[in-house]
Every structure is written in C-alpha cells, then in structure tokens.
Amino acid sequence: VTYECDDLVGETPVSEIDPENFFTNNNDALAAVIGIYDGMQPTFRLKHYLWGEFRGDSYINGNDGATSNNIELTSNDVTSGNGNAVRWNDFYNMIHRANEAIVNIPQIEGFDSNLLAEALAIRAYAYFQAVRFWGGVLLYTEPTREPDGLPRPRTYAIPILHEVIIPDMLSAESK
C-alpha cells in the first residue's frame, strides 16, 4: 500500500476527542470538571505555598535551607531564573479547561448547573490567585484552541476582578 503525503496529513486523530464533540451529556460535563480539578494539582501543589505563605513572615532568610530562589521570594524580587515562582503555564492549563467547560456545558440538554457553577468558581479562584501573585495577567475567557489567539498583553488586576472574578462567583452562586 502506498500513501500520498496528503492522505497522511489529512487524517483525523482517533486518540483525541474534539472539545466541540465531547460535551454530549452530564457525564461528559462531570469528566470535564474533574479535569479542571486535576489541573489544580500542579498549579497549587507547591507553588501555592511559594506564592502565598512563604512570602510572608513564616520563612526567615538565613535558615539552613535558604537558597537564592527562596530569598528572591521573600524579598519580592523574583528573577526569571526562579522557575517555580514565575511560570504560570499550569494556571493557564487549568483556566483553559475551565473555559472549555463554561462554554460547552450549557450546550448540553438538561445540563447540571452545579457542574457549570464549579467551573465558574474554579476559574474565578484561579484568576483571583493570579492577580494576587502577579498583578496584571493574560486574560482568557474563551477556550484557546489555536495558537494565534495566545499572545496578548496583560490585563490589569482591577478589570479582571470586576469583569471575571466577581461575575463568575455571582454566577456560580446563583446556579
């Protein structure tokens, strides 16, 4: 059997599910929300401590475990070499999953509004933590399926608070 190059390139992957075809019932919605929670694990495992409590007065520079990265965190002078503190890819993986759920769950006939509420609350929490850690961040409220839409300037914290965090929490509460 011989294949032309176009035959191979034009194939649709069978090992992936297109988000537009995934959300057909509440079990799919539940799986999507579980996926958002799964995205929270790498986001908040160690980094939540590094971005939060660690930057307070619970760590004293000069301890036996003091490193240059730890000192950067406690002095709020973080450089690009401090990968644990400056990488926000896990946040955006979690936010992307939440955006997929928020956009697609309402398309399911008889959708479970509690699942939509969870997705909204998690996205609000993620952006709350992001602006608390970094101030202005990249704002995505729709799924990011194409790389063309990824580069964008930071959005200031106050508009994110008023346009995403508070409305998402109010919407989640009313579900």
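Helix H3 comprises 19 residues and spans 27 Å from its first C-alpha to its last, close to the 27 Å expected at 1.5 Å a residue; the expected span is 1.5 Å times one less than the number of residues. Helices are DSSP runs (H or I, at least four residues), numbered from the N terminus. The model is predicted: local features need pLDDT of at least 70 and side-chain atom pairs count only at pLDDT 80 or more, while totals for chains, interfaces and linings use all residues. Residues are numbered from 1 along each chain as its sequence is written, and side-chain values use heavy atoms, with hydrogens and water left out.

Two salt bridges are counted, each defined as a side-chain nitrogen of Lys or Arg within 4 Å of a carboxyl oxygen of Asp or Glu. In one, the side chains of Asp38 and Arg97 meet at 3.4 Å, N to O. Asp38 belongs to H3 (residues 26-44) and Arg97 to H7 (residues 89-104), 59 residues apart. Arg97 is partly exposed at 26% relative accessibility, as is Asp38 at 39%.

Asp168 and Arg123 form a salt bridge at 2.7 Å, N to O. Asp168 lies in H9 (residues 157-174) and Arg123 in H8 (residues 113-134), so the pair ties together parts 45 residues apart in sequence. Both Asp168 and Arg123 are buried.

Conventions. Helix = DSSP H or I, 4+ residues; strand = E, 2+ residues; numbered from the N terminus. Buried < 20%, exposed > 50% of the residue type's maximum accessible area, 1.4 Å probe, protein only.
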